[in-house]
Structure formats: C-alpha cells, structure tokens
There are 2 protein chains.
Amino acid sequence: MVYRLWYWPTIQGRGEFVRLALEAAGIPYEDCARTQGAEAMMQDLAARAKTGRGPYAPPYLALDGHAIAQVANILHYLGQQHDLAPSGLADRYWLDQLQLTIADIVAEVHNVHHPVAMMDYYDDQKPEAARAAAQFRDERLPKYLDHFEAAAAQGAGDWLFADRWTYGDTSLFQLVEGLRYMFPQRMKTLAPRYPALLRLHAAVADLPGIRAYLASERRLPFNTDGIFRHYPELDAA
Amino acid sequence: MVYRLWYWPTIQGRGEFVRLALEAAGIPYEDCARTQGAEAMMQDLAARAKTGRGPYAPPYLALDGHAIAQVANILHYLGQQHDLAPSGLADRYWLDQLQLTIADIVAEVHNVHHPVAMMDYYDDQKPEAARAAAQFRDERLPKYLDHFEAAAAQGAGDWLFADRWTYGDTSLFQLVEGLRYMFPQRMKTLAPRYPALLRLHAAVADLPGIRAYLASERRLPFNTDGIFRHYPELDAA
C-alpha cells in the first residue's frame with residue numbers, strides 16, 4: 001500500500017516529521033499536495049470536515065475510510081504498523097512523551113515569529129517577535145535542549161533506544177536541523193553543551209533512507225513560510 | 001493500585017484533564033503535590049531528570065519504575081488500562097487526534113496571556129496580550145469550536161462515541177469550562193453556535209463521578225495562575 005500524506009506542498013513544517021520517518025523506513029508514500037496541489041488538499045479537508053471527524057489541520061495520513069492527523073498520532077500509528085517503535089510498554093510511552101515535547105517546542109518556535117497574531121504576517125509583529133525571540137533563545141531553548149540531550153545521552157549507542165532508530169530519533173534530527181537554520185548563531189554557541197544530541201543528529205543524517213532523501217528534490221529547503229524561519233534579527237550568539 | 005499523579009497543587013491547569021478522567025471513572029489516585037507539596041514534586045522531577053527519561057514538565061503519572069508525562073499520553077495510557085477509549089482502531093486514533101487538538105488550543109490559550117515572554121508576568125505584557133486576545137477571540141476560538149462542535153455533533157447521543165463517555169468527552173467539558181471562565185462574554189455570544197458541544201458538556205457535568213468531584217474540595221477553583229485566566233480586559237462579546 002502506498003500511504004497518502006497530505007501536507008502543505010512548499011514547506012517542511014510539521015509534515016516533515018512524518019516525511020522523515022517514512023523516508024528513513026523506506027515506506028512508499030504519495031506526498032499528495034505536492035502531486036495534486038494545495039487546492040486539492042483544501043477540498044479534501046473540507047470534505048472530511050463535513051463528516052465531523054476531519055483533521056483540524058494538515059498533516060494527515062489518508063487511510064481507507066478515515067484519516068489520522070496530528071504528527072505524534074501519525075507517528076504512533078506508523079510506529080505500530082511498521083515496527084518503528086520499541087516493544088516495551090514503558091519505552092513506547094516514553095517515546096510518545098518525547099515526541100509530544102518536541103511538538104511543544106515546535107509550537108513555541110512558531111510563536112517566536114508570530115507571538116501576538118498567528119493569522120497575520122511576521123512584518124506586522126516584529127518588535128513583539130524580537131522580544132519573544134530573546135526569551136526563547138536565552139531560557140526556553142536551552143531548557144528544552146538540556147531535556148533532549150539527557151534523552152539522547154541515556155541511550156547506550158547513537159539512538160534513543162540502544163539498538164535501533166525510531167521516529168523519536170528522526171524527529172530530534174529535524175528539530176536540530178530547524179533550530180540550526182533559524183538560530184545559527186545561538187545554536188553554534190550552545191552546540192558544545194549537546195554532544196549526545198548532535199551525535200544522534202549525525203547518525204540520523206547517515207541513515208541510507210535519510211541520506212537519499214536529503215539529496216533528493218523531495219526534501220524542500222527551509223524557507224520563511226514554514227515553522228522554522230531564519231530572520232537574522234531574531235538570532236544572536 | 002492507587003495512581004500517583006503529580007501536578008501543581010494550586011491550579012487546575014493541564015493536570016485537570018487527567019484528574020477529570022480519573023474522577024469520572026472512579027479510579028483511585030493520590031494528587032501527590034497536594035498531599036506532599038510542590039517542593040516534593042520539584043525533588044521528584046529532578047531525580048527523574050537525572051535518568052534521562054524524566055518528564056519535561058508536570059503533569060505526570062508515576063508508575064512502578066517509570067513515569068508517563070504529557071496529558072494526551074497519560075490519557076492514552078489510562079484509556080488502554082481502564083477501558084476508557086473505544087475499541088476500534090479508527091476510533092482510537094481519532095480520539096487521540098482530538099485530544100491533541102485540545103492540547104493545541106490549550107497552548108494557544110496560554111499564549112493569549114503570555115504572548116511574548118512565557119517566563120514573565122502577565123503585567124509585563126498586557127498590550128501584547130490584548131492584541132493576542134482579540135485575534136484569539138475573533139478568529140482562532142470560533143475555528144476551534146467549529147471543529148469541536150462538528151466532532152460532538154457526529155456522535156449519535158451525547159458523547160463523541162455513541163454509547164459511552166471517553167476522556168475526549170471529559171476533556172471537551174474542561175475546555176468549555178475554562179473558556180467560559182476566561183472569556184465569559186465571548187462564550188455567551190458564541191454559545192448558540194455550539195449546541196452539540198454544550199450538550200456534551202452538560203452530560204459530562206452530570207456523570208456521577210464528575211458531579212461528586214465538582215462538589216468536592218478536590219476541584220480547585222479557576223484562578224489567574226492557571227492556563228485559563230480571567231482578565232476582564234481580554235474578554236469582549
């Protein structure tokens with residue numbers, strides 16, 4: 001079966017966490033809005049909304065008769081279906097806890113460039129964004145990265161779980177990628193504090209499926225329409 | 001077994017979504033920081049952080065040898081252990097999707113009163129909060145409530161799933177409670193648009209476990225330290 005993934009076709013955004021797990025595992029999928037257009041996605045979403053069980057927002061995975069939305073929920077499903085998660089109960093809940101904490105920092109990252117008006121442009125809230133960015137860089141970011149460093153360090157090898165990668169690893173990879181793009185100066189300063197997390201990041205980058213994906217046109221470049229946005233004025237060492 | 005729930009002892013906050021599911025199901029639990037104090041929770045958190053698998057933040061459920069954090073993850077666990085979730089696969093993923101969308105609006109609600117500096121006081125960001133509140137009331141809130149209304153309306157009876165309540169229902173109840181406290185004028189204006197959601201809210205309030213809980217001292221009152229905060233200047237019809 002070829003999965004049908006729906007997400008905005010011009011950004012990495014939240015959909016990238018799903019794309020990376022699929023690519024790392026070599027699971028066939030159609031990135032539907034890239035092949036059929038964003039307009040087709042809006043129509044598909046509207047039709048699903050009428051059932052009362054539609055996604056609130058992309059990304060979502062269209063299955064026979066229903067769709068699964070919310071990144072952590074999609075990854076949980078793929079983990080179950082394709083053995084991309086550990087088998088022990090405590091491990092599985094810890095993995096999903098970590099994935100949800102990644103979702104939390106991703107929401108805070110979006111809030112940095114859209115602090116007071118999510119539906120308006122960044123240009124309409126630049127002073128507020130500058131203030132939000134300062135506290136994010138100085139307080140929130142190190143607090144989250146300390147947490148993820150400890151998570152990476154407790155694994156015996158390169159991965160969160162000693163013997164294999166899971167979607168927690170590909171998601172931490174993407175988080176580091178996004179933060180490096182958005183805050184290059186700050187991440188350079190902080191890097192020495194996070195050896196285990198950066199080792200994990202390098203190990204994911206070296207997975208055959210990820211290597212092939214990153215070299216392909218399927219990997220969209222970061223840009224200032226996505227979640228992670230590089231505005232130089234929001235970065236500092 | 002008596003569950004040990006850890007959450008801030010003076011607010012409803014995110015912990016309340018867990019408390020409500022436990023109370024509705026009549027599952028025994030100790031609300032540990034209320035019996036042992038917040039300081040004991042900080043010590044417990046610090047000890048767990050050292051293992052590399054600690055919660056990023058409360059609430060969390062302490063089990064033998066590990067803890068489960070993140071509201072949606074805790075509720076998923078309780079749902080599995082205590083039959084508080086539907087049995088079909090599509091239903092279960094849809095329930096978790098809905099719970100995660102509730103988590104999203106809860107984060108946006110917090111952002112309304114802390115738009116530019118999550119670690120500072122509301123008093124330090126009142127103009128920014130006023131702007132964030134206006135867009136939340138006018139655009140984000142109705143969009144979310146439309147989504148939850150459709151979810152409530154697709155059930156055949158009062159519940160999300162025709163024959164029984166789940167943690168999705170208790171969570172929607174709490175969302176409505178919090179929004180009514182925070183935005184009484186706005187919610188009064190919007191109420192006629194959401195008959196199914198308000199029917200679900202009333203049905204949850206009438207569950208024996210919830211009736212007893214709401215009448216007890218275990219139910220903390222809303223206040224301006226929690227997630228939902230009533231600042232009259234942030235509300236409008």
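Helices (H or I, at least four residues) and strands (E, at least two) in this tour are DSSP runs, numbered from the N terminus. This is a predicted model, in which local features need pLDDT of at least 70, side-chain atom pairs count only at pLDDT 80 or more, and totals for chains, interfaces and linings use all residues. Residues are numbered from 1 along each chain as its sequence is written, chains are lettered from A and ligands numbered from 1 in the order in which they are written, and side-chain values use heavy atoms, with hydrogens and water left out.

**Stop 1: two proline pairs**

Start by selecting A:Pro58 and A:Pro59, which are joined by a cis peptide bond with omega about 5 degrees. Where does A:Pro59 sit? Look in the loop between α3 (38–49) and β3 (60–63) of chain A. Now move to chain B, where the bond from B:Pro58 to B:Pro59 is also cis, with omega near 5 degrees. B:Pro59 is found in the loop between α3 (38–49) and β3 (60–63) of chain B.

A:Asp83 is not a glycine, yet its phi is positive, about 55 degrees. For context, most residues other than glycine have a negative phi, and most peptide bonds are trans.

**Stop 2: the interface**

Next, colour by chain. In contact (heavy atoms within 4.5 Å) are 52 residues of chain B and 52 residues of chain A. The two chains bury about 4,600 Å² between them, 51% of it on carbon and sulfur atoms; buried area is the accessible area (1.4 Å probe) that two parts lose on being put together, summed over both. Select B:Arg53, B:Tyr56 and B:Tyr93: they supply 20% of the area that chain B buries against chain A, more than any other three residues.

Four salt bridges cross between chain B and chain A, each a side-chain nitrogen of Lys or Arg within 4 Å of a carboxyl oxygen of Asp or Glu. To see a salt bridge between the chains, show A:Arg131 and B:Glu128, whose closest N and O atoms are 3.3 Å apart.

The largest share, twelve residues, comes from α5(B). By class, this side of chain B has 24 nonpolar, 16 polar and twelve charged residues. Here Ala, Val, Leu, Ile, Met, Phe, Trp, Tyr, Cys and Pro count as nonpolar, Asp, Glu, Lys and Arg as charged, and the others, Gly among them, as polar.

**Stop 3: the largest cavity**

On a 1 Å grid over the protein atoms alone, a cavity is a set of points where a 1.4 Å probe fits but cannot get out, and lining residues have an atom within 4 Å of a point. Grid points are joined across faces, edges and corners, and a volume is the space filled by probe spheres set on the points.

The whole structure has five cavities of 30 Å³ or more, and the largest holds about 140 Å³. Select its lining: A:Ala72, A:Asn73, A:His76, A:Asp96, A:Leu100, B:Ala72, B:Asn73, B:His76, B:Asp96 and B:Leu100. At least two lining residues come from each of α4 and α5 of chain A and α4 and α5 of chain B. The lining divides into four nonpolar, four polar and two charged residues.

**Stop 4**

Finish with A:Arg219 and A:Glu16, a salt bridge whose closest N and O atoms are 2.8 Å apart. A:Arg219 lies in the segment after α10 (208–214) of chain A and A:Glu16 in helix α1 (residues 15–25) of chain A, so the pair ties together parts that are 203 residues apart in sequence.

Methods. On a 1 Å grid over the protein atoms alone, a cavity is a set of points where a 1.4 Å probe fits but cannot get out, and a pocket is an open set with protein on both sides within 12 Å along at least five of seven lines; lining residues have an atom within 4 Å of a point.
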